[in-house]
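This report describes how one protein chain is put together. Please keep the sequence and the structure in view while reading.

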Amino acid sequence: MNDMENKRIIAENIQYFMNKCGKSRKDLCNDLGIKYTTLAGWLSSEKYPRIDKIESMANYFKIPKSDLIEKRASDNSNSLSFKMNPHEKLVVTAYHNHPDMQPAVDRLLGIQNKNTIYPVYNKIFDSSYMKVSTPTELYEIKESKKDENK
């Protein structure tokens, strides 16, 4: 792998983890004490960060350093993306925000053995989430365990 390819990979990975954690360039610069122009150089694949900056970003995103410097595998295995009209967005959001109603909706739709709830979380994504996107908004849905007291 050549130098330009390494710069491209780390640029893509930094941007990926910024998006995943809901962080802007300004957030990252302020939180880690990085100059904006330095970060811009990394994200445009013009420059490569020093190892101490890679380590700082890895700690910041709570990931191993290798997740920043190595090419990522595709996230398609655990994600689903499709466009939704406004009514569909309302229905999906209501379903995920009302776990007490989910069993009734599941029965109505003929969905069997529904043992998990999927509340909506915004600005968080990882491979265990199901991603639902629209032209202007992104809804991320994370699987969570049912409260044992219910």
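This is a predicted model: local features need pLDDT of at least 70, side-chain atom pairs count only at pLDDT 80 or more; totals for chains, interfaces and linings use all residues.

Residues are numbered from 1 along each chain as its sequence is written, and side-chain values use heavy atoms, with hydrogens and water left out.

**Overall make-up**

The protein chain has seven helices and three strands, where helices (H or I, at least four residues) and strands (E, at least two) are DSSP runs numbered from the N terminus. Read from the N terminus, the order of elements is α-α-α-α-α-α-α-β-β-β. Of the 150 residues in the protein chain, 28% are buried; buried means under 20% relative accessible area, exposed over 50% and partly exposed in between, with a 1.4 Å probe and protein chains only. Contact means heavy atoms within 4.5 Å. Among contacts in the protein chain with a separation of 6 or more, 57% are between residues 24 or more positions apart.

**Helix packing**

Two helix pairs are set out in the table. Axes are lines fitted to C-alpha atoms, for helices over the stretch in contact, and angles run from 0 to 180 degrees between N-to-C directions.

| Helix pair | Angle | Axis distance |
|---|---|---|
| α2 (residues 25–32) and α4 (residues 51–61) | about 110° | 11 Å |
| α1 and α3 | about 115° | 7 Å |

Helices α2 and α4 are therefore roughly perpendicular to each other, as angles under 35 degrees count as roughly parallel, over 145 as roughly antiparallel, 65 to 115 as roughly perpendicular and the rest as oblique. On the α2 side of this contact are D27, L28, D31 and L32, which meet S56, M57, Y60 and F61 of α4. The contact of α2 with α4 comprises five nonpolar, one polar and two charged residues. In this classification Ala, Val, Leu, Ile, Met, Phe, Trp, Tyr, Cys and Pro count as nonpolar, Asp, Glu, Lys and Arg as charged, and the others, Gly among them, as polar.

In the other pair, K7, A11, I14, Q15 and M18 of α1 meet L39, W42 and L43 of α3. By class, the contact of α1 with α3 has six nonpolar residues, one polar and one charged.

**The nonpolar core**

A nonpolar core is a set of buried Ala, Val, Leu, Ile, Met, Phe, Trp, Tyr and Cys residues joined through side-chain atoms within 4.5 Å. The largest one holds 18 residues, of which I14, L28, L39, M57, F61 and L68 touch the most other members. Helices α1 (3–21), α2, α3 and α4 each give two or more residues to this core. Beyond its neighbours within four places in sequence, L28 contacts I14, M18, G33, L39, M57, Y60 and F61.

**Helix α4 and Y60**

In α4 the buried residues are I54, M57, A58, Y60 and F61. They lie on the same side of α4, because they cover an arc of only 160° around the axis, the arc being that of the directions from the helix axis to the C-beta atoms. The elements covering the buried residues of α4 include α1, α2, α3 and α5. On the face of α4 turned away from its buried side are the exposed residues I51 and N59.

Y60, in helix α4, counts as buried at 19% relative accessibility. Apart from neighbours within four places in sequence, Y60 contacts K23, D27, L28, D31 and L32. The C-alpha atoms of Y60 and C21 are 9.9 Å apart in space, while the two residues are 39 residues apart in sequence.

**Two residues with positive phi**

S45 lies in the loop between α3 (36–43) and α4. Its phi is near 65°, a positive value in a residue other than glycine. S45 is buried, with a relative accessible area of 12%, and, not counting residues up to four places away in sequence, S45 touches M4, K7, R8 and A11.

K62 is exposed, with a relative accessible area of 73%.
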